[in-house]
Amino acid sequence: MNKDNMQMNMVQSINNALSIALERDRNVLLLGEDIGAAGGVFRVTAGLQERFGSERVVDTPLEEQGIIGTSIGMAALGLRPVPEIQFDGFSYVTLDQLINHAARLRLRTHGRLECPLVVRIPVGGGIKALEHHSDSPETFYAHVPGLKTVIPSGPYEAKGLLLASLSKDQRDPIVFLEPKRLYRGFKEEVPEGEFEIEIGKANVVQEGSDLSIISYGASIPLVRTSAQNFADRYSIEIVDIRTLSPLDEKTVLDSVRKTGRVLIFYEAPRTLGYGAEVAAIISEKALEYLKAPIVRVTGFDVPMPLAKSESYDIPDVNSISKGIEQVMNYVT
Amino acid sequence: MERKSEDYHHDHSDENRKKGPPPKIVKKFEIDSIQILDDKGKTHDGATVPAISDESLKQAYEQMKFLRLFDTKAVSLQRQGRMGAYSEFKGQEAIQVGIAMAMKKEDWLFPTYRDSAAIIARGVPPEYLLRYWSGDEEGQNFPEGVNVFPIAIPVASQIPHAVGGAWALKYKGEDAISLVTIGDGGTSKADFYEGMNLAGVFNLPVVCIIQNNQYAISLPREYQTHTATLAQKGLAFGIEAMQVDGNDLLGVYFVLSRAVEKARRGDGPTLIEAITYRLGHHTTATGDEPYRSEAEIERWKHRDPLERLRMFLEQKGIWSQSYESDVDQQVKQRMDEAVRNFESFPKPRPEDMFRYTYSQEPPKLKSQEESLLGRQPEAQAAG
């Protein structure tokens, strides 16, 4: 292990990124419900209020719309607010402020004002939480022109992407989705100091020549396991989208042109989900390379069920295996 | 046609009190209502008349005269197809000019779609507003140093922006405040409650003025909320709140300048309900107004803020017929020039919408831009 690296889970790596951002830029401030004294319901902001003070790590009243709307005013007048929405299901009321204002402040003023805020939202299922605490809302955000939507797939990715989101030259509103299943899912080596992962750039997690699995967020560790299970049969390439919007089409298309077979995997509902966009782009720009129809393995088109049934809805390694067989066994 | 409001403001608390044990009163509230100039332009006996020089009073009157003409002209430009749908402010000039008078250059205004007058009074050249209302974003690329946020079209969404703006100003230690306006309808919205709640909790330098013009498009004020005043909603946030006659420039200036300076001192937010009336249409697109009577509009015309200020100036001996003719001449020239400037603006460029969506244009948008400009079909654009 590199002596400057530490074993961190994603809670620790995000906490570490936020403390670096607070340290290096006095205009960064965090605000949200229970993020200060309590350190956040997932403990992501633990210790930050103690270290940076209640002016910079602010416990707000219980008002998601107000938190985002206020952050827009702050960002427009020169601060770098990092609002936290406690759970995915409570983020929907903030869509009005994000779509109508954050996303178009620059265009509406032809660049006179900009809105460099970073909204952090824990997303997804798999932790047996209450109702409205396990949704996968990523495409709502990714659909909005003017917003950037980022979703890390582990501790290292989370820190690098979050620090890039809060860098000086990043001037657009960013929705930073944190798959809560990954918060304490695993630890990995993460540099202690500053580093950035470019926003708008997908990552080839593993190279391969037979099949491209395109995925993101909490699905990536499952895809890795599946690829290992099939390692003796197929050479599988894994593409982690990382930035859902704007999408790095080139990395996706390069992979598809190489392998000719595509499986898209994520836990959100299928219809008009992220896979629809990826499949459409592939069919527009790389159809002639395809050796088999594109396969989507996703959550079902049902509202996220309660804890006892969530595993029926969230696709797992077996679902991926079936998808891999389907796309690899296709014969014309 | 006119509905009676008494039923909606009936207070049951006294009846209920008689039935139970004598309550301990925890807190009592009152709402003050301020008027300095009455309907005839006379100051109330004993009223504190704000110290405004004759010159400033005349400037305010001239500005209000100009804005009245601007509003009329904007409507006619829309009717002639030279401008898009436009939201009229006629009747609310005293509030909007009072706003600008109470603010300093470094303060920020967060306007709604009915605040073209306040925006111009803050120093945005009128041709910018014509440009915006004609459907061109460049109209909101206000000149550097004129601290006006873009117009909020979604009702009440500007409240949290103003609160966040005030928060940023306070955080950075700047000697500036934010001032936000809202209509009577907006006070029913979550953004109003959430924003003003934060303003109270964090004691932020923000002033919110409700322009209660009696209607939210068609819905009368008494159907908007069950409370007797809109001002009292401020009490729910622990914020000082009051009413003022919104057609009385001196009254508006008095309460606003006090609230603005209070915010600047660090003594927190204020909520002001200014009672006024929309003499024009909601917008040029809404047409007939079966929800209100001619008689009602006539009654409010007698409370016109321009005429009231004129009568006050006349009583002070600083208004004459020849002055009025000069002012008419001046404002017409200013308006003609604004229209000339507006009509000389180039058409919006198609590339602007792509270039201003993100700080750096992503490849996807570059390719879509190329396809619109006919340089490259989208289907063939590089991924």
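A crossing of two helices is called right-handed if the near helix is turned clockwise from the far one by less than a right angle, and left-handed if anticlockwise. The tour of this predicted model leads to one such crossing.

Among contacts in chain B with a separation of 6 or more, 74% join residues 24 or more positions apart.

Next, select residues 93-102 and 249-265 of chain B, which are helices α3 and α9. Their axes lie 8 Å apart and form an angle of about 35°. Here α3(B) passes α9(B) in a right-handed crossing. On the α3(B) side, display the contact residues, including I95(B), I99(B) and M101(B); on the α9(B) side, those that they meet include V252(B), L256(B) and V260(B). The residues of this contact comprise 11 nonpolar, two polar and no charged.

Now widen the view to the largest nonpolar core, of 181 residues. Among its members with the most contacts inside it are I99(B), L256(B), V206(B) and L263(A). The element that gives the most to this core is α9(B), with 10 residues.

Finally, centre on L263(A). Beyond its neighbours within four places in sequence, L263(A) is in contact with residues including L211(A), I213(A), V295(A) and V327(A).

Definitions and conventions. Residues numbered from 1 in each chain as written. Chains lettered and ligands numbered in written order. Predicted model: local features only at pLDDT ≥ 70, side-chain atom pairs only at ≥ 80, totals over all residues. Axes fitted to C-alpha atoms, helices over the stretch in contact; angles between N-to-C directions. Helix = DSSP H or I, 4+ residues; strand = E, 2+ residues; numbered from the N terminus. Contact = placed C-beta atoms within 7 Å. Nonpolar A, V, L, I, M, F, W, Y, C, P; charged D, E, K, R; others polar. Core = buried A, V, L, I, M, F, W, Y, C linked by C-beta atoms within 7 Å. Buried ≥ 20, exposed ≤ 12 C-beta atoms within 10 Å, placed from the backbone.
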